Amino acid sequence: MERALVVENFTAGYGKNAIIRNVHLTAREGTSTVIIGPNGAGKSTLLKAIFGLITVFSGTVTIDGQDVTRVTADRLVARGLAYVPQNGNVFPSLSIRENLEIGGYRQQHYPKDRMDQVFAIFPDLLKAARRSAGTLSGGQRQMLAMGRALMSDPSVLLLDEPTAGLSPSYTKIVWHHILAIAQTGKAVVVVEQNANTALSLADRAYLLVAGENREEGPAGELLEREDIGEMFLGR
Amino acid sequence: MSLSMVWLGVGFGLITASVLALSSVGLTLQFGVTNFVNFAYGEFLTIGAYLAFVLNMGLHLNIWVSMFAAGILTAVVAWLFNIIVIEPFTRRKAPMIILLVVTIGMDLFLMNGVQALFGPEFKQYNDPSGSILHVGGLLFTVQQLWIIGIAAAAMVAVHTLLKYSKLGKAMRAMSDSSELALISGIPTRRITQYVWLLSGFLGGLSGVVLAINVNNFTPALGSEFLFVIFAAVIMGGIGRPYGAMLGALIIGVAMEVSAMFFDSSYKTVVAFAILVLMLLFRPQGILPSRGRV
């Protein structure tokens, strides 16, 4: 499997304050990678920094071997990176179909075949395609947000806490979709608060603590580790 | 209260509403995407009116050709206004209050600039007013029917743009969330520039039809009309073009019907009264809440 996303010696933050320091992360094609850690560990900040939304002080980000460090967010979409923020991740006054069209904005024409593929992954969206996104439930919004991100046909999909605030049954559904997306060959990187679920389902995991890498490895192995279980998984 | 006078007022109201619809949609589109009120917007109307004056009286172009050309030139002025004056502040993420003060300052600067160039005296187009026509019991000059037709065509064009074009959908997306639009791959800076062009074009057209409608005008043309534009924009819900169209219709008709019964100099007071009442009781506008642009 090729390395789709490689982050090395990455230091970033707000203003002059570094929130994450010398972080590294690799996500491979066709796999799901989860980032876990306590509150304030810098998990969401890492995704924002990779996506060019906050100041990067040092380090590099490469996608499919191309250096994209400090490339602006709108251009990163064309370079194969997509990002779904935790909150405010749909356009509420636009219909579901229009939200998806916006996801494909960088394409020359609205990609009809991409939309069909997204509707195949999320059939519930097709049923309500003309409905305004503002009327959707939290779980439905999450589906739409992932669908919108997939419209640009990214190599790497970054998801910031996609199950936050969802019921356990919706959390399962969202993870089912995350794994299905990874199986299409994309590298999916997920920041998750619900570490037990994430480690039991994802392929690989990184543990961030206080803005730095603490542990990494196959997700299942980290789930089995007693020290990690006691300190971070509430066992 | 005579019904025929009310009906006559409705006729005049349609013309005022047409002028108002062009300008209020232009202002609200820009607000929807950039999220701050441009107090210098009235000067786009004034600049449009004076550019058409130059083309019409100086180059002897037909008034409608002059109007269209003035609209395009005003669009360029608005685009430059954004790049030269506004962007240096938005790039530094200046607070909204700073942008408001900047646009108020630019309003005064531009109005005085026009006065320095053209003088304070009244100007008038070379514009034969044409015959008077009866339409559904209402009286209109040919010019006034042109004004209504131009406004209606512009509103259809704006609707088509927003609803069906890639650019329009990007504008609506930015109006919902500029950051999410950027994350989705929309070149937000470029779309903002298109919005300023469109806003300036509509402002320029509106200035010319306003000047035609009032017959003669001074450099205070736009700034005097600005609060009437605000009334229509607020009535329709700030940042919402369809609301601004409806707001323009209601304010325009209310102003002209009131002028049938009171001194016409009070009709602006009617617009202000509606503005204050809206802000007090329904600041989100008359349409149900559903996002902006």
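1. How do the residues of the lining of the largest pocket divide into nonpolar, polar and charged? The lining has ten nonpolar, eleven polar and eleven charged residues. Here Ala, Val, Leu, Ile, Met, Phe, Trp, Tyr, Cys and Pro count as nonpolar, Asp, Glu, Lys and Arg as charged, and the others, Gly among them, as polar.

2. Basis of the note. This is a predicted model, in which local features need pLDDT of at least 70 and side-chain atom pairs count only at pLDDT 80 or more, while totals for chains, interfaces and linings use all residues. Residues are numbered from 1 along each chain as its sequence is written, chains are lettered from A and ligands numbered from 1 in the order in which they are written, and side-chain values use heavy atoms, with hydrogens and water left out.

3. Confidence. The model scores ipTM 0.90 and pTM 0.89. The mean pLDDT (the predictor's confidence in each residue, from 0 to 100) of chain B is 92, and 97% of its residues reach 70 or more. Within chain B, strand β1 (residues 132-135) has the lowest confidence, at a mean of 82, and helix α2 (residues 41-58) the highest, at 97. Helices (H or I, at least four residues) and strands (E, at least two) are DSSP runs, numbered from the N terminus.

4. Largest pocket. Its volume is about 1,100 Å³. Of the 32 lining residues, B:Thr90, B:Lys93, B:Ser178, B:Thr188 and B:Thr192 are the closest to its centre. Two or more lining residues come from each of α2 (73-78) of chain A and α1 (3-34), α3 (63-91), α4 (96-118), α6 (166-176), α7 (178-183) and α8 (188-214) of chain B. On a 1 Å grid over the protein atoms alone, a pocket is an open set of points with protein on both sides within 12 Å along at least five of seven lines, a cavity is a set where a 1.4 Å probe fits but cannot get out, and lining residues have an atom within 4 Å of a point. Grid points are joined across faces, edges and corners, and a volume is the space filled by probe spheres set on the points.

5. Cavities. The whole structure holds two cavities of 30 Å³ or more. The largest cavity, of about 40 Å³, has residues of both chains in its lining, including A:Tyr83, A:Arg148, B:Ile183 and B:Ser184. Elements β6 and α6 of chain A each give two or more residues to that lining. The second largest cavity has about 30 Å³ of space, and its lining has eight nonpolar, two polar and one charged residues.

6. Six-stranded sheet, chain A. The open sheet has the order β6-β7-β8-β3-β9-β10, with mixed pairing; two strands pair if DSSP finds at least two bridges between them. The edge strands are β6 (81-84) and β10 (212-218). From one strand to the next the twist averages 15 degrees. Strands β7 (residues 156-160) and β8 (residues 187-191) are parallel over five bridges, and A:Leu158 has A:Val189 of β8(A) as its bridge partner. Helix α6 (residues 138-150) touches β6 and β7, at about 165 degrees to β6(A). Contact means heavy atoms within 4.5 Å; axes are lines fitted to C-alpha atoms, for helices over the stretch in contact, and angles run from 0 to 180 degrees between N-to-C directions.

7. Four-stranded sheet, chain A. The order is β2-β1-β4-β5, open and antiparallel. β4(A) and β5(A) pair over two bridges, with A:Asp67 in β5(A) the bridge partner of A:Thr62. α1(A) packs on this sheet, touching β1 (3-14), β2 and β4 of chain A, and its direction makes about 110 degrees with that of β1(A).
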